[in-house]
Amino acid sequence: MSWKKVLGKSTIRVAATALLLSQLFGAVGSVSAAGKDVEVHLIGINDLHGQLDTTTMVSDKKAGTAPILATYLKEAQAKYENSLLFHNGDSVGASAPVSSLDRDEPTMEWMNMMGFDVGSLGNHEFDQGIAALKAQIFGGLDPKEGKVTHAGAKLDYVNANVIETSTGKPLIKPYVIKAVGGVKIGFIGLVTKATPSKVSPSGTAGVRFLSAEEEVEAVNKYAKELQNQGVETIIVLAHDPATTKEGVTTGEAADLAKALPANSPVDVIVAGDNHALANGEVNGKLIVQAYSYGTAFEDIKLMIDPATGDVTEKSAAVTTTLQEGVKEDPESLAIIKKSLDKHPELTKPVGTTDGSVTRTDAYNNEAPLGNLIADAMRQADFGDKASAADFAFMNPGGIRADLPQGDVTFADLAKIQPFGNTLVKLELTGGQIQTLLEQQWGTNADGTPNTKTLQISGLKYTADFNKPVAERVTSLSLEDGTPIDPGKTYTAVVNNFMAAGGDNYTVLVDAKSSLAGPIDLDVFYQYIVDTFKGGAIQAKTEGRITNLAASTEQTETPVTTEFISRAEFVSALVDMLKLNEVATAPAFKDIAADAAYADSIAEAAHAGFIQGYGGNFNPDRDITREEAATILAKLLNDKASDKNAATIIAGFGDGKIVSAYAVKSMAKLIDKGILSAAEKNLLQPKQGLSKDAAKALIQKAVAAKAS
């Protein structure tokens, strides 16, 4: 390709960025002085998810899109004499509509155009089933509606831990050998063992996934086979989660590294799935991951002894694909334009909103956007010539964004429901409906509540949190107030994730009948078009869900004296700032990915407002005044008060008990008029914050940030 011979100013910029990030993220190893070694660079991405035209904000700067990513990748390869291009799973699935409307063929076309050499399977490659997966990779008519014919991938796909039950052999080839610069490199593929729980049962029908022990045996087996073929440089493309923080790398990929022998010939494990940063060494294996959505790429540098084939040195740099000053790749733009020309609806507004149609607190209560989605689901056409279903239920974790204020496009709707789930119509008894509602209220391993309030249509209920779960639903009726008969059969629409028992809604697996239907996004889009006809899109809470809070002994105690938790404080701040930049679970050990506040904590961590303690965040502990000040001070760039911090704090009667880490932060907020004495001349730094006080404090800090 001619672009490999081109070096421009932006190439120099990329090199400088890579060098800087190598320093920041602690690239493993050092520059080799051995001139005889062959230098090879593995340039890669993971978790693209078909986000060809999606811009992501990274630290208040625009990043990503395929045309920008392509420029970075091409320039990175142009710098090196020897390089290979790879992707590590989830290149498709939960895709942007510019790709998903054509069954992700645009993304496959983009990868072919880019000249990717090797790739692995991610869990999302299984979303639509084995037949669709094979059609995308090997070419042929896509089984979904039979409207798209795939050209097939020009790159080699590998996977060693998915076994076809009919043959007992790997679904696709487990490894591939690539020759570059006179040396051989072996790539073994793996996908997260959690895949069966991440996709519908139909997606993994006909295959089984190796256990952790079997997986290690497989890697060892194939590594030995590679060695027998003269390959000593071995890379595992493992679509397994990993995160590096404070120099420590953890996650499923790290567990694999630990399980492999210390003298294993495996040199590098590329991670994926959790959309995080990884760049560290575990048990002699370099583990690398470059975020997601094309917002970054990894450059893995290997120094290889051509005589032995061994890696003598290895390191990695992760570069963010910032858009500023970068020219978009014309070949990538052409692929996007072809899709947009084919689907003009993607760029045309389908309506407008005033910014009130949000998913706010959907994990705990009825939300406007939840009502809108559930209403659309209930009206879905299943081709059975039946009227609308009696009910619809939407899991809150499947609502990934809010409707924006102003014009709303199809692309905005796709960000809300990006998974391409199939809607399923079930027959359930009234008793099963009640059980389903009870399954909203789970319990974490540590005994804390794990609530996932379903967004509903066609019914309403009251939940009394003074009662145990089995008795909590005190009234359950149709919209008109008619009680739901426990013995009567009703129809209900859910998505295929829920229908398979996802999020612990296990009662749905016992439905009397099941009918698969259209894609959730298609239904949502058509409902918006038909209902609002390009005008104002409206939705609000209507009393479908009534939650009666658990009573306390001190009934006369004002609500304002109830202290706010760390998770609640961060959630309130994120909500007020309207942060919506990440789609990954936070990396704290005590935050479950499906916790009601997980998204907010992930946003706050991404923005740099929180760091946690020893890998934990302690979400349920009351936040103290000094902790809140430390978080809010990061909103303010002005450091004028830092030099006078000690003097400011000393002016308060209890200034001596302010923790050292919080002195500058509290002083800054006091200096700005954001924080004042809690009582008389006391700061009470260790005291909790009431919800009202926390709200007022956040509002002042946000206002000061904007001024």
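Visitor: Which DSSP runs count as helices and strands?
Guide: Helices are DSSP runs of H or I with at least four residues, strands are runs of E with at least two, and both are numbered from the N terminus.

Visitor: And what sort of model is this?
Guide: This is a predicted model: local features need pLDDT of at least 70, side-chain atom pairs count only at pLDDT 80 or more, and totals for chains, interfaces and linings use all residues. Residues are numbered from 1 along each chain as its sequence is written, and side-chain values use heavy atoms, with hydrogens and water left out.

Visitor: Pockets, then. What volume has the second largest pocket?
Guide: About 630 Å³. A pocket is an open set of points on a 1 Å grid over the protein atoms alone, where a 1.4 Å probe fits, with protein on both sides within 12 Å along at least five of seven lines. Volume is the space filled by probe spheres set on the points.

Visitor: How many residues line the second largest pocket, and which lie nearest its centre?
Guide: The lining has 29 residues, with S100, L101, R103, K144 and I519 nearest the centre. Elements giving two or more residues to this lining are α5 (130–138), β32 (514–519) and α14 (520–532). Lining residues have an atom within 4 Å of a point.

Visitor: Which element gives the largest share of that lining?
Guide: Helix α5, with three residues.

Visitor: How do the lining residues divide?
Guide: Eleven are nonpolar, eight polar and ten charged. Here Ala, Val, Leu, Ile, Met, Phe, Trp, Tyr, Cys and Pro count as nonpolar, Asp, Glu, Lys and Arg as charged, and the others, Gly among them, as polar.

Visitor: Back to α14. At what angle does α14 pack with α10?
Guide: Helix α10 (residues 368–378) and α14 pack at about 95 degrees, with axes 9 Å apart. Axes are lines fitted to C-alpha atoms, for helices over the stretch in contact, and angles run from 0 to 180 degrees between N-to-C directions. The two helices are therefore roughly perpendicular, a label for angles of 65 to 115 degrees.

Visitor: Which residues of α10 and α14 meet?
Guide: From α10, L369, L372, I373, D375, A376 and M377 meet V523, F524, Y527, I528 and F532 of α14. Ten of the contact residues are nonpolar, none polar and one charged. Contact means heavy atoms within 4.5 Å.

Visitor: What about α17 and α19, how far apart are their axes?
Guide: The axes of α17 (residues 625–633) and α19 (residues 663–671) lie 8 Å apart, at an angle of about 75 degrees. That makes α17 roughly perpendicular to α19.

Visitor: Which residues are in that contact?
Guide: E626, A629, T630, L632 and A633 in α17 meet S665, M666, K668 and L669 in α19. This contact has five nonpolar, two polar and two charged residues.

Visitor: Sheets now. What is the strand order in the open sheet with mixed pairing?
Guide: The order is β30-β29-β33, three strands. Its edge strands are β30 (473–478) and β33 (545–548), each pairing on one side only. Two strands pair if DSSP finds at least two bridges between them.

Visitor: How many bridges pair β29 with β30?
Guide: Five, in the antiparallel sense; β29 covers residues 459–464. L459 stands opposite L478 in β30.

Visitor: Which helix lies across β29 and β30?
Guide: Helix α12 (residues 430–438), running at about 130 degrees to β30.

How values were computed:
Angles under 35 degrees count as roughly parallel, over 145 as roughly antiparallel, 65 to 115 as roughly perpendicular and the rest as oblique.
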